[in-house]
Amino acid sequence: MCLTCVLPMMLPGAAPTPFATDAPEAGWLGRELGGRITWTGCAGFLMELDGTRICFDPFASNPGVLDTLLRPARPDRGLIADTFGQVDAIFVGHTHFDHAMDVAPLALANPACVVHGSATTTEICGRQGVGDGQLRTMTDGAKVEIGPFTVEAVASRHGTVPVAGRIDVLELRGTGLPRTVFRWPRGQVFAYRVEVGGVAIHLQTSAGIEDAPLARQRPADVLIACLAARQGTARYFERLGERLRPKVIIPCHHDNFFRPLSEPPRPVARLDWPGFLDDAAALSAAHGTRLVQLPRGVAVAL
Ligand SMILES: [Zn+2]
Ligand SMILES: [Zn+2]
């Protein structure tokens with residue numbers, strides 16, 4: 001990297017880089033609930049308050065490209081336990097491996113927790129030995145209460161992935177598990193709205209939009225937005241912003257999930273970070289939205 005590239009990053013007020021290393025300043029939410037939120041990588045989040053811990057799209061195993069294309073899923077149970085620990089509930093946006101392949105091992109390690117997701121998600125967890133008592137199939141608008149958290153499923157759509165989109169597996173067929181990681185099926189896609197302590201957090205777990213369920217949404221304090229594969233969704237941030245009018249936007253699913261979590265994050269393919277900064281600036285101008293970045297793997301005050 002040349003000096004002209006490095007210098008602007010060192011100057012005060014320089015544009016943020018894709019991956020923060022420091023936690024945002026206290027008060028980033030405008031108020032403190034006394035809880036914690038962790039971006040665990042990809043679309044994964046852990047939220048904790050008053051002793052209750054819920055997670056979304058928990059994924060830590062990050063198989064490499066060859067393992068993804070050629071081998072069945074081999075979840076890293078030790079790393080999953082280290083990353084998520086004890087959880088009371090798991091919510092899954094869709095069943096692709098980078099959102100769902102670590103869900104069943106995490107559920108089996110937490111026998112009191114319930115997995116919430118599409119029929120495809122609950123079916124694939126059942127095939128890995130998770131009992132019916134730990135599985136709840138969600139439908140659009142369904143709400144569950146877990147301790148201080150109320151979580152609503154919001155039907156949504158997947159982002160458009162060039163080439164891969166044409167050979168994507170949509171539903172789980174036959175018996176057993178997919179032969180390779182890449183063949184994990186998409187199933188129904190959900191966004192989630194979390195309400196906790198008077199704060200609303202909307203998790204757009206994939207970069208597509210289903211208009212009617214989004215139109216039902218009230219404004220949210222925080223928009224957590226998937227950046228990967230958003231280019232095929234027209235006016236993605238504009239439409240989310242018009243409906244949710246978020247005070248804060250937190251980017252996610254912008255790290256390359258074929259690399260292990262133990263290595264520093266690198267951008268996902270086609271990230272277009274400058275384009276995202278333009279979109280974040282437009283949200284700021286339209287709704288006063290502030291860009292907040294969570295360092296990967298660091299619990300931040302909520
Ligand atoms: Zn996906
Ligand atoms: Zn994904």
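In the hairpin formed by strand 2 and strand 3, where two residues stand between the strands, Asp50 takes a positive phi near 50 degrees. Here strands (E, at least two residues) and helices (H or I, at least four) are DSSP runs, numbered from the N terminus. The model is a predicted one, in which local features need pLDDT of at least 70 and side-chain atom pairs count only at pLDDT 80 or more, while totals for chains, interfaces and linings use all residues. Residues are numbered from 1 along each chain as its sequence is written, chains are lettered from A and ligands numbered from 1 in the order in which they are written, and side-chain values use heavy atoms, with hydrogens and water left out.

Asp50 belongs to the loop between strand 2 and strand 3. Most residues other than glycine have a negative phi. At 67% relative accessibility, Asp50 counts as exposed; the term exposed applies over 50% relative accessible area, buried under 20%, and partly exposed in between, with a 1.4 Å probe and protein chains only. A positive phi, near 40 degrees, is also found at Asn62, in the loop between strand 3 and helix 2 (65-70). Asn62, however, is buried, with a relative accessible area of 7%.

Because five of the five residues of strand 3 are buried, the strand is largely enclosed by the rest of the structure.

These pairings belong to a wider arrangement. Seven strands form an open sheet of mixed pairing, in the order 6-5-4-3-2-1-14. Strand 6 (135-137) and strand 14 (299-301) stand at the edges with a single partner strand each, so one side of each has no neighbour in the sheet. From one strand to the next the twist averages 20 degrees, where axes are lines fitted to C-alpha atoms (for helices over the stretch in contact) and angles run from 0 to 180 degrees between N-to-C directions.

The metal sites come next. The zinc ion (ligand 1) is coordinated by His94 (NE2), His96 (ND1) and His158 (NE2), at 2.1 Å. Donors are N, O and S atoms within 2.8 Å of the metal (3.2 Å for Na, K and Ca); water is not among the atoms, so sites may look incomplete. Along the chain, the donors of this ion follow the spacing H-x1-H-x61-H. Both His94 and His96 are buried.

A distance of 3.7 Å separates the zinc ion (ligand 1) from the zinc ion (ligand 2). The zinc ion (ligand 2) has Asp98 (OD), His99 (NE2) and His253 (NE2) as its coordinating residues, at 2.0 to 2.1 Å, and their spacing in sequence is D-H-x153-H. His99 lies in helix 4 (residues 97-100) and His253 in the loop between strand 12 (248-252) and helix 9 (273-287), so the pair ties together parts that are 154 residues apart in sequence. His99 is buried, with a relative accessible area of 1%, and His253 is buried at 5%.

Finally, the structure holds one cavity of 30 Å³ or more. On a 1 Å grid over the protein atoms alone, a cavity is a set of points where a 1.4 Å probe fits but cannot get out, and its lining residues have an atom within 4 Å of a point. The largest cavity contains about 50 Å³ of space, a volume being the space filled by probe spheres set on the points, which are joined across faces, edges and corners. Its lining includes Val154, Ala155, Ser156, His202 and Gln204. Strand 8 (149-156) and strand 10 (199-204) are the elements that give two or more residues to this lining, and strand 8 gives the most, with three.

Notes. Two strands pair if DSSP finds at least two bridges between them. On a 1 Å grid over the protein atoms alone, a cavity is a set of points where a 1.4 Å probe fits but cannot get out, and a pocket is an open set with protein on both sides within 12 Å along at least five of seven lines; lining residues have an atom within 4 Å of a point.
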